Amino acid sequence: MEPKRQVRIALWITPRSLSTAFLKCMSTFEKAQLFQEPFFTAKMFGPERTVIIPQFDSIFENLPDVKNYTYEHVKNTLEMDYPGKDLVFTKDGAKAIYGRFECIPQGYQHVFLIRKPSKVHVSVEKLRATAQGIGVDKASFYNKDQKCLPGSPYRNLLELLEHVRDVLGQKPVVIDADDLTISPGTILKKFCGIVGLEYSESMLKWKPGPDPRWRRAESVQSLFAGMTDAHNNSYSSTGFTTRAPGTGTETPLSELSDEVRKLVEDSTPYYEKLAAMKIKIED
């Protein structure tokens with residue numbers, strides 16, 4: 001019998017798109033090597049960091065487990081051999097790798113996770129308000145990030161997808177987070193068929209809390225845990241929260257602040273191009 005082929009998947013995301021729940025879903029595979037946002041760590045906290053938050057810069061410089069988090073270090077780590085593993089999975093933000101496409105790890109199938117811009121930007125705005133409450137300049141989340149182009153983060157994700165498709169020669173795999181809340185079994189079954197994983201009903205349920213197998217910078221996780229409740233719901237979850245089609249909350253554009261409404265409007269054309277390529281619940 002031939003040995004089981006190892007599957008390697010890179011999940012590229014917009015923020016607030018159920019990506020941690022997706023990581024927990026992938027954690028249901030027993031023989032898995034799992035990474036949680038290593039390029040984000042390099043971008044925010046490593047020696048090549050591009051987002052400077054003055055209030056915390058001196059702290060970031062002294063975090064013990066991020067001093068070696070360069071982009072090349074992350075790429076090399078992801079490309080290492082992981083014998084005995086059926087799955088090697090990493091999830092990361094498209095903005096974290098944007099402008100550094102030469103560091104995209106080789107040997108991976110690339111998957112793109114999206115969510116409606118109104119839901120993403122409203123959720124991010126709440127995090128910005130939380131951060132401001134502990135002394136972080138609210139503008140630091142966007143304005144000081146050189147990768148924050150009009151339409152971000154969807155523009156970054158679409159350009160990354162186009163690079164994967166046109167330069168690396170891979171067919172895009174796109175998943176809409178909202179579809180995971182309507183019919184997770186259908187979407188995951190189709191996803192597994194595309195990437196070469198064996199689908200199981202066990203993928204729909206998991207234990208609460210972070211998985212100890214996740215490779216991540218623990219000092220960064222501890223720092224963020226004290227700042228926001230960004231991951232509380234996903235960490236405590238035991239499965240995808242499901243809803244009926246046509247239900248769920250989405251704030252009307254008329255009720256958004258001018259700033260958030262502009263972000264949503266700029267993002268929507270990029271989201272629509274991505275959504276046109278997504279795995280569909282019904283063919």
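Colleague: In what order do the six strands of the open sheet lie?

Modeller: The order is S5-S4-S1-S3-S2-S6, and the pairing in this open sheet of six strands is parallel. Keep in mind that the model is predicted.

Colleague: Which are the edge strands?

Modeller: An edge strand pairs on one side only, and here that applies to strand S5 (173–176) and strand S6 (214–215).

Colleague: How many bridges join strand S4 to S5?

Modeller: Four bridges link S5 to strand S4, which covers residues 109–114, and the two run parallel. Within this pair, Leu113 is placed opposite Ile175 of S5.

Colleague: Which strands does helix H1 touch where it packs on the sheet?

Modeller: Helix H1 (residues 19–26) touches strand S1 (7–13), strand S2 (32–36), strand S3 (87–93), S4, S5 and S6. The direction of H1 makes about 175 degrees with that of S3. Helix H7 (residues 154–166) also packs on the sheet, where H7 touches S1, S4 and S5. For H7, the angle between its direction and that of S4 is about 155 degrees.

Colleague: Where is Asp178 found?

Modeller: Asp178 belongs to helix H8, which spans residues 177–182.

Colleague: Does Asp178 count as buried or exposed, and why?

Modeller: A residue is called buried when its relative accessible area is under 20%. Asp178 counts as buried because its relative accessibility is 7%.

Colleague: Which residues is Asp178 in contact with, leaving aside neighbours within four places in sequence?

Modeller: With those neighbours left aside, Asp178 contacts Arg115, Lys116, Lys119 and Arg243. With Lys119 there is a polar contact between the two side chains, at 2.9 Å.

Notes:
Residues are numbered from 1 along each chain as its sequence is written. This is a predicted model: local features need pLDDT of at least 70, side-chain atom pairs count only at pLDDT 80 or more; totals for chains, interfaces and linings use all residues. Side-chain values use heavy atoms; hydrogens and water are left out. Two strands pair if DSSP finds at least two bridges between them. Contact means heavy atoms within 4.5 Å. Axes are lines fitted to C-alpha atoms, for helices over the stretch in contact, and angles run from 0 to 180 degrees between N-to-C directions. Buried means under 20% relative accessible area, exposed over 50%, partly exposed in between (1.4 Å probe, protein chains only). A polar contact is a pair of N or O atoms within 3.5 Å; within protein, one must be able to donate a hydrogen and the other to accept it, and residues adjacent in sequence count only if both atoms are side-chain atoms.
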